[in-house]
Amino acid sequence: MGVPTLGCDCRVCSSVDPNDRRTRPSVMIAYSGHVVLIDTTPDFHAQAIREHITRVDAVLYTHSHADHILGLDDLRPLSFRHEKGSVPLYANAATARDIRGVFKYVFDRDPDYATLAKVHLEELDGAVELFGARFEPVDVVHGRQTIVGYRFGAAAYLTDFSEIPEKSKSRLRGLDILFLDALRHRPHPTHSNVENSLRLVDELKPKRAFFTHISHDLPHQETNASLPANVRLAHDGLRLDFEI
C-alpha cells in the first residue's frame, strides 16, 4: 500500500526518517547504455523523476497485482522516443492476459489515438536475452498462485512470495545480491516475513541480501540494527553495483 499508509498515524507512518517513506517496489537495471525495469508500480512516475530515468528499453513483470503493473501507462513519453518504435514488455501467460485486460485500450489500439503507449507484450517461455544480459524467470509461490522473480547475472529479485520451491532455490545459491520479500515480522498468508527471509539467507548464502515489499510494521533504522551485517532493508533510491 506504500508507506506512509493512507489513514495511518503509526510511528513508521509518522516517521521523519526518509527511509521510512516507501513507494511500491520495483527495480531498474542499467547496463551498457540500456535500462530494464522489473515491474511498473503505481508510483513509477515519481520514481522515474527521482532517479532521472530518461529511457526504458524493456520491462519484465513478476505478476499482475495492482502494485506491480499500474504504472504501465506512465511509460508513454519514454516509449515515444524508443529507437525501435515499441518497448517490449515480458510476462508469463497469466500475467500477460491480465495486463491486456487491465490496459485493453493500449493493446486494442485505436489507430487514430496517437498518444497511446508504444509497447508490446511478449510471453515469457524461459530465459530472455536483453542487450547482452540474460534474465531468467524463477518461479515462486505467492499465496495460491505461482508468479516469477528474476535472476540476472550475480543478482536476483524475488518480491511477493510466501514460499520458494526447491527447484527454484537451486538457481539462487551463492549470489552476490539477493532481494527477498519481507513484509513484516508476523506471518502472512501470501508474503514472506523477516524471520522466514532470514532463514532463506542462511540457506542460500548470498553475499548481500536486501529485504523489500516492506509494510509499515518495520521501522528502517531499528530493523536494520537487528539484522546480520550482510542483510539490510531496501529503501527508495538504493543503488548497487554488481556483475550482470
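Modeller: Let's begin with pairing. Two strands pair if DSSP finds at least two bridges between them. Keep in mind that this is a predicted model.

Biologist: How do you know that strand 7 and strand 8 pair?

Modeller: Count the bridges. There are 8 between strand 7 and strand 8 (residues 145-152). The cut-off is at least two, so the strands pair. They run antiparallel.

Biologist: How many bridges join strand 6 to strand 7?

Modeller: Strand 6 (residues 128-130) and strand 7 share 3 bridges. That meets the cut-off of at least two, so they pair as well. This pair also runs antiparallel. Valine 128 stands opposite phenylalanine 135 in strand 7. Here too there is a hairpin with 2 residues between the strands. Phenylalanine 131, in the turn, has a positive phi of about 55°.

Biologist: What makes strand 7 "mostly covered"?

Modeller: Of its 10 residues, 8 are buried. Buried means under 20% relative accessible area. For the chain of 244 residues, 50% count as buried.

Biologist: Which residues have the most contacts inside the largest nonpolar core?

Modeller: They are Leu158, Phe161, Ile164, Leu172, Leu178, Leu180 and Phe211, in a core of 23 residues. The elements that give two or more residues to this core include strand 7, strand 9 (155-158), strand 10 (177-181) and helix 7 (194-204). Helix 7 gives the largest share, 4 residues.

Biologist: Why do such side chains gather?

Modeller: In soluble globular proteins, nonpolar side chains tend to be buried together. For a close look, take leucine 172. Residues up to four places away in sequence aside, leucine 172 touches Val138, Ala156, Leu158, Ile164 and Leu204.

Biologist: Why is the pair of tyrosine 157 and phenylalanine 179 called edge-to-face?

Modeller: Check two values. The ring centres are 5.7 Å apart. The limit for a pair is 6.5 Å, so the rings pair. The planes stand at 65°.

Biologist: Is lysine 205 buried or exposed, and how do you know?

Modeller: Its relative accessible area is 58%. Exposed means over 50%, so lysine 205 is exposed. Lysine 205 sits in the loop between helix 7 and strand 11. Its phi is near 55°, a positive value in a residue other than glycine.

Biologist: Is histidine 213 buried or exposed?

Modeller: Histidine 213 comes to 13%. That is under 20%, so histidine 213 is buried. It is found in the loop between strand 11 and helix 8 (220-226). Histidine 213 also has a positive phi of about 55°, although it is not a glycine.

Biologist: What label does proline 42 get, and why?

Modeller: Its relative accessibility is 30%. That lies between the 20% and 50% cut-offs, so proline 42 counts as partly exposed. Proline 42 is in the loop between strand 2 (34-38) and helix 1 (44-50). Beyond its neighbours within four places in sequence, proline 42 contacts Arg24, Ala66, Asp67, Leu70 and Gly71.

Biologist: Where is the cis peptide bond?

Modeller: The cis bond runs from valine 3 to proline 4, with omega near 5°. Proline 4 is in the segment before strand 1 (27-31).

Biologist: How do you know that the chain agrees with a compact globule?

Modeller: For 244 residues, the globule rule gives a radius of gyration near 18 Å. The chain has 18 Å, so the two agree. The C-alpha trace spans about 55 × 40 × 35 Å along its principal axes. The secondary structure comes to 8 helices and 12 strands.

Notes:
Residues are numbered from 1 along each chain as its sequence is written. This is a predicted model: local features need pLDDT of at least 70, side-chain atom pairs count only at pLDDT 80 or more; totals for chains, interfaces and linings use all residues. Side-chain values use heavy atoms; hydrogens and water are left out. A nonpolar core is a set of buried Ala, Val, Leu, Ile, Met, Phe, Trp, Tyr and Cys residues joined through side-chain atoms within 4.5 Å. Buried means under 20% relative accessible area, exposed over 50%, partly exposed in between (1.4 Å probe, protein chains only). Contact means heavy atoms within 4.5 Å. Rings of Phe, Tyr and Trp (its six-membered ring) pair if their centres lie within 6.5 Å; planes under 30 degrees apart count as stacked, over 60 as edge-to-face and the rest as tilted. The radius of gyration is taken over C-alpha atoms; the globule rule is 2.2 Å times the number of residues to the power 0.38.
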